[in-house]
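This briefing goes with the sequence and structure shown below.

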Amino acid sequence: MNDSAARQPIPPPVSVFSADDLATDFRVVVRQGTRRGIRLERLFWTTLKQLAEHNQLTIGEMVEEIATANDDSSNLASAIRVACLRWVSDQKAELGALASLRTINAILGACPAPAFALSSAKRILAFNPAFQQLVRRQLPVGFGQDAQRDLRLSLDVNVADIFTRLDGNNGVPISSGFVIGAGERRYRGQLNIVRAPIQAPQLLLAFVVNG
């Protein structure tokens, strides 16, 4: 390690919450005409307001939804916290999925060779123009949704084995022969396969090396 790298300051730790977030507020919420006091941390009050707005409800109506979903059998404050955390988690997963799909499409689009994204069920989820051209050139089909359903893909290496081997070799690409067919026509080629760099783990990127 060079001296300049060693002298670089260590960044301060990221604060995941503030003291103000931990402070609790007591608020009165109207449930079915009845006023009820609830004490929550300020961060949960903020999240509850966002959740209510997302569902086009008032905070009181959102609290009623949460209470009804839990049959009023659990501590209401705890149920609200869980509902807020679940909603934030779901939102994060949705954003992650959208960002992942954009990332996959960007990677495929930047690759000059035919390439596609493959699910663990051997379903082609995305592809680049070069792969589309390869299919049109080699197989007597168009490339609309109906034609895509008629395409059949088989690999020389089992998909589950590919995931296992990628996990065991630190992500070094796996080579596999493949056959893609439509009707009576077949095209055989060779792929280099890596795990997709996204949150959803069961997705592969396959690059045709002789197309």
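**Salt bridges and overall build**

The structure holds six salt bridges, a salt bridge being a side-chain nitrogen of Lys or Arg within 4 Å of a carboxyl oxygen of Asp or Glu. The model is a predicted one, in which local features need pLDDT of at least 70 and side-chain atom pairs count only at pLDDT 80 or more, while totals for chains, interfaces and linings use all residues. Residues are numbered from 1 along each chain as its sequence is written, and side-chain values use heavy atoms, with hydrogens and water left out.

The protein has eight helices and eight strands; these are DSSP runs numbered from the N terminus, with helices being H or I of at least four residues and strands being E of at least two. Of the 211 residues in the protein, 34% are buried. Buried stands for under 20% relative accessible area, exposed for over 50%, and partly exposed for what lies in between (1.4 Å probe, protein chains only). Among contacts between residues at least 6 apart in sequence, 44% join residues at least 24 apart, where contact means heavy atoms within 4.5 Å.

**Individual salt bridges**

- R81 and E41 form a salt bridge in which the closest N and O atoms are 3.0 Å apart. R81 belongs to helix 5 (residues 76–110) and E41 to strand 2 (residues 34–41), so this pair ties together parts that are 40 residues apart in sequence.
- R81 is partly exposed, at 22% relative accessibility. The charged end of R81 also sits over the ring of F44, 5.9 Å from the ring centre; for this, NZ of Lys or CZ of Arg must be within 6 Å of the ring centre and within 35 degrees of the ring normal.
- E53 and K49 are joined by a salt bridge of 2.5 Å, N to O. The two are four residues apart in helix 3 (residues 42–54), separated by about one helical turn. E53 is partly exposed at 48%, and K49 is partly exposed at 42%.
- R188 and D156 meet through their side chains in a salt bridge of 3.2 Å, N to O. R188 lies in strand 7 (residues 185–195), and D156 in the loop between strand 5 (152–155) and helix 8 (159–168), so the pair ties together parts that are 32 residues apart in sequence. Both R188 and D156 are exposed.
- A network of salt bridges links D25, R27 and R42.

**Nonpolar cores**

- The largest nonpolar core has 24 residues, and those with the most contacts inside it are F116, L155, F178, I180, L191 and L204. A nonpolar core is a set of buried Ala, Val, Leu, Ile, Met, Phe, Trp, Tyr and Cys residues joined through side-chain atoms within 4.5 Å.
- At least two residues of this core come from each of strand 3 (115–119), helix 6 (129–138), strand 5, helix 8, strand 6, strand 7 and strand 8 (203–208).
- Another core, of 18 residues, lies apart from the largest one; V29, F44, L51 and C84 are among its residues.
- Setting aside neighbours within four places in sequence, I180 has contacts that include F131, V135, L139, L151 and Y187.

- S176 is part of strand 6 (residues 174–182) and is buried, at 2% relative accessibility.
- The side chain of S176 reaches the backbone nitrogen of D156 at 3.4 Å.
- Neighbours within four places aside, S176 is in contact with L155, D156, V157, G189, Q190, L191 and I193.
- C111 lies in the loop between helix 5 and strand 3 and counts as buried at 16% relative accessibility.
- Leaving aside neighbours within four places in sequence, C111 is in contact with N128 and F207. C111 and N128 are 17 residues apart in sequence and 7.7 Å apart in space, C-alpha to C-alpha.

**Aromatic rings**

- The structure holds three aromatic pairs. Rings of Phe, Tyr and Trp (its six-membered ring) pair if their centres lie within 6.5 Å; planes under 30 degrees apart count as stacked, over 60 as edge-to-face and the rest as tilted.
- F127 and F131 form a tilted pair, 6.4 Å centre to centre with 50 degrees between the planes.
- F127 is partly exposed at 25% relative accessibility, whereas F131 is buried at 1%.
- F116, F127 and F131 form one aromatic cluster.

Methods:
A polar contact is a pair of N or O atoms within 3.5 Å; within protein, one must be able to donate a hydrogen and the other to accept it, and residues adjacent in sequence count only if both atoms are side-chain atoms.
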